[in-house]
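Work through the exercises below with the sequence and the structure in view. Try each task before reading its solution.

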Amino acid sequence: MAALTRAGPDGTTAGTLNKACAEHDLDERAWLDARLFLRNAGLARFKANR
């Protein structure tokens with residue numbers, strides 16, 4: 001969540017999210033699930049690979 005908050009309106013890259021997940025010992029599936037949840041809740045969007 002902190003990585004997404006820091007991204008702000010410009011967004012972030014998958015690589016940045018992967019790095020943040022690795023720092024917190026989360027696997028790729030965890031951030032994919034979180035991203036899907038946030039998108040479905042209207043709290044995040046996915047555009048142009050960001």
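This is a predicted model: local features need pLDDT of at least 70, side-chain atom pairs count only at pLDDT 80 or more; totals for chains, interfaces and linings use all residues.

Residues are numbered from 1 along each chain as its sequence is written, and side-chain values use heavy atoms, with hydrogens and water left out.

**Exercise 1. Describe the secondary structure and the dimensions of the chain.**

Step 1. The chain has three helices and zero strands; helices (H or I, at least four residues) and strands (E, at least two) are DSSP runs, numbered from the N terminus. Along the sequence the pattern reads α-α-α.

Step 2. The C-alpha atoms fill a box of roughly 25 × 20 × 20 Å along the principal axes.

Step 3. For 50 residues, a compact globule would have a radius of gyration near 10 Å, and the chain agrees because its value is 10 Å. This radius is taken over C-alpha atoms, and the globule rule is 2.2 Å times the number of residues to the power 0.38.

**Exercise 2. Find which residues of helix 2 are buried and which are exposed.**

Step 1. L17, A20 and C21 are buried (under 20% relative accessible area; exposed is over 50%, partly exposed in between, with a 1.4 Å probe and protein chains only).

Step 2. These residues are on the same side of helix 2 because they cover an arc of only 100 degrees around the axis, the arc being that of the directions from the helix axis to the C-beta atoms.

Step 3. K19, A22 and E23 are exposed on the other side of helix 2.

Step 4. The buried residues of helix 2 pack against helix 1 and helix 3, where contact means heavy atoms within 4.5 Å.

**Exercise 3. Locate D25 and state its phi.**

Step 1. D25 lies in the loop between helix 2 and helix 3.

Step 2. Its phi is positive, near 60 degrees, in a residue other than glycine. Most residues other than glycine have a negative phi.

Step 3. D25 is exposed, with a relative accessible area of 73%.

**Exercise 4. Describe the lining of the largest pocket.**

Step 1. Of the 34 lining residues, the closest to the centre of the pocket are L4, A7, T12, L17 and A44. A pocket is, on a 1 Å grid over the protein atoms alone, an open set of points where a 1.4 Å probe fits, with protein on both sides within 12 Å along at least five of seven lines; lining residues have an atom within 4 Å of a point.

Step 2. Helix 1 (2-7), helix 2 (14-23) and helix 3 (28-40) each supply at least two lining residues.

Key. Ala, Val, Leu, Ile, Met, Phe, Trp, Tyr, Cys and Pro count as nonpolar, Asp, Glu, Lys and Arg as charged, and the others, Gly among them, as polar.
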